[in-house]
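Hi,

Here is the structure I promised to pass on to you. Have a look at it first, and then read my notes below.

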Amino acid sequence: MGSPLDNTEIINILIEEIRETVPELEGQPISASDSMVDLGVNSIERSEVILAAMERLDLKIPMVQLHGPKNIQELADLLLVKSAG
Amino acid sequence: MGPKTFRNWRICSLSKVPDDRVRIAVTGIGVASGLGYGKAAFLQGLFEALGVFSELTRHGREPAGGESPFVGVELDEPPNVLPARLARTATLSSRVAMAVLQEAWQDAGLDQVDPERIGLVVGSSNPMSREQALAAQRYADKLEFVPPRHGHMFLSSDIAGLCSSVLPIRGFSQSVDAASASGSVAVIQAMDAVRSGRVDVCIALGALQDLSGYDLHAMRSLGVMGGADHAARPGEACRPMDLAHNGFIYGEASAALVLMRKDLSMSHNSYGDLIGAGHIADGSRGPEPNSEGQVRAALNALAQAGLTAKQIDFVNGHATGTPQGDFEECRTYHSLELHHARINATKSIVGHGMSAAGALELAAVLLQIKEGRLHPTRNLENPIDESFDWVKAEPVSHEIRHALKFSFGFGGINTALVIAAP
């Protein structure tokens with residue numbers, strides 16, 4: 001990555017990957033306060049979204065360390081913390 | 001020491017004719033080939049012997065540097081029968097399978113059947129090789145990002161899984177692998193499932209075998225795939241049973257057939273009845289054909305049907321266009337004395353569908369029964385054996401009463417099916 005990560009960038013990438021994984025959400029607004037479960041993303045799709053986002057962000061964080069966040073905002077926060085080591 | 005016959009063995013029995021009270025009708029067909037999606041395009045293309053061969057251009061089928069491009073047949077994008085969310089997790093083989101299944105399902109009116117009485121057998125052999133190879137390349141140096149869906153979507157069982165998650169199939173589902181006889185073995189397994197009473201309806205599906213560049217190179221090296229000298233004239237490469245044959249030519253394909261207990265199918269349109277099947281191992285490991293095994297499969301199928309070879313009026317060959325395979329198959333026709341029967345080769349028009357071939361070509365047989373006509377054998381200009389009654393460049397009218405369909409696969413697999421007009 002050329003510049004340090006920020007939350008907004010991570011949130012935007014997560015939302016793009018959610019839309020890629022669940023095309024049926026087209027036209028429906030998605031915000032950082034939404035949880036993937038409430039958006040209808042299943043557990044395999046959640047992993048798909050996170051792995052695809054991490055690939056784009058060049059982050060290598062074990063999935064087991066990414067349980068717990070209640071919405072997209074919290075997930076972005078956690079990714080940011082973990083990426084800082 | 002000479003070959004042992006059955007009677008040398010201390011424990012032996014000749015295969016018995018099974019209980020034939022359960023006669024099986026084919027009441028639904030769905031097809032995909034280079035001729036298009038659906039029965040109408042398939043029939044028209046077969047009778048007109050359309051030319052659909054060209055250079056293979058699908059990503060992942062590029063030839064090695066300096067080698068001539070591969071020649072064959074590639075499908076158009078399948079119709080959208082899946083929700084976008086599922087389609088993005090399904091391989092080409094699975095998406096095409098859903099398209100042919102949907103056509104066959106509607107054709108047979110399966111919405112009226114108890115889902116627990118419907119089974120599904122998918123004939124497939126290494127079905128997603130090209131896409132899996134591309135995925136392995138893409139993630140070669142970043143395995144930590146491999147998408148979770150790749151843990152199931154490249155399994156051959158994923159085709160049956162996807163099909164039964166979209167359509168109400170709740171009897172059983174499975175995949176069977178018999179190399180290029182997979183489609184035919186799926187039909188035979190489906191026949192057994194109906195005959196045994198396990199289900200009343202069983203769908204046999206020949207899955208698209210999505211060959212990678214690696215597979216194509218290996219087939220070329222093995223000496224079984226032709227076309228290396230035909231890049232400029234791809235339409236002339238595929239020539240089963242012709243003196244100028246020099247190997248099979250790949251053709252993407254898939255087909256689904258709905259098999260139903262005849263006594264339950266009275267209100268359904270029937271294309272024909274499956275009245276005999278033979279499926280034997282000849283003891284070969286690799287690609288070598290074996291006429292004795294082919295004859296034994298045919299005799300088993302005829303015995304089950306209660307017929308002799310004399311009563312067969314139409315033969316649809318396995319007929320791939322490999323010199324050794326074609327000659328060996330003609331030896332089989334001689335042994336069975338099939339000189340009186342009309343013979344054609346569907347692969348001459350659509351190429352070799354590999355694991356789909358047996359199912360697609362059975363669909364071709366059934367549609368020819370219904371039409372009362374036989375499709376031409378493309379490029380059959382100088383037959384390797386003039387003593388047989390080949391259908392050459394022109395279609396012919398022919399009322400089929402009893403057809404014999406051969407399908408063979410690497411690994412010594414020989415199958416034969418006997419089909420009767422409804």
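**What I found**

Let me start with two helices: α1(A) passes α3(A) in a right-handed crossing (a crossing is right-handed if the near helix is turned clockwise from the far one by less than a right angle, and left-handed if anticlockwise). Before we go on, please keep in mind that this is a predicted model, in which local features need pLDDT of at least 70 and side-chain atom pairs count only at pLDDT 80 or more, while totals for chains, interfaces and linings use all residues. Residues are numbered from 1 along each chain as its sequence is written, and chains are lettered from A and ligands numbered from 1 in the order in which they are written.

**Chain A**

Chain A holds three helices and zero strands (helices are DSSP runs of H or I with at least four residues, strands are runs of E with at least two, and both are numbered from the N terminus). Read from the N terminus, its elements run α-α-α. The radius of gyration of chain A is 12 Å, close to the 12 Å that the globule rule gives for 85 residues, so chain A is as compact as a globular protein of that length (the radius is taken over C-alpha atoms, and the rule is 2.2 Å times the number of residues to the power 0.38). Its C-alpha trace spans about 35 × 25 × 20 Å along the principal axes.

Two packed helices are described by the angle between their axes and the distance between the axes.

How do α1(A) and α2(A) cross? The axes of α1(A) (residues 7–21) and α2(A) (residues 43–57) come within 9 Å, at roughly 130 degrees, which makes α1(A) oblique to α2(A). This crossing is right-handed. Ile10(A) and Leu14(A) take part in this contact too, and Val49(A) and Ala52(A) are among the residues from α2(A). Eight nonpolar, one polar and four charged residues make up the contact.

**Chain B**

Chain B has 11 helices and 17 strands. With 422 residues, a compact globule would have a radius of gyration near 22 Å, and the 20 Å of chain B agrees with that. Its C-alpha trace spans about 60 × 50 × 50 Å along the principal axes.

Helix α6(B) (residues 182–195) and helix α11(B) (residues 357–371) have axes that come within 5 Å and cross at roughly 70 degrees. They are therefore roughly perpendicular to each other. Gly183(B) and Ala186(B) of α6(B) and Gly358(B) and Ala359(B) of α11(B) are among the contact residues. This contact has six nonpolar, four polar and no charged residues.

There is also an open sheet of three strands, in the order β3-β4-β8 with mixed pairing (strands pair if DSSP finds at least two bridges between them). β3(B) (54–55) and β8(B) (250–251) are the edge strands, each pairing on one side only. β3(B) and β4(B) (residues 71–73) pair in the antiparallel sense over two bridges, and Glu55(B) stands opposite Val71(B).

**Between the chains**

Here, 10 residues of chain A are in contact with nine residues of chain B (contact means that C-beta atoms, placed from the backbone, lie within 7 Å). On the chain A side, five residues are nonpolar, one is polar and four are charged.

Enjoy exploring!

Terms used. Contact = placed C-beta atoms within 7 Å. Nonpolar A, V, L, I, M, F, W, Y, C, P; charged D, E, K, R; others polar. Axes fitted to C-alpha atoms, helices over the stretch in contact; angles between N-to-C directions. Parallel < 35°, antiparallel > 145°, perpendicular 65-115°, else oblique.
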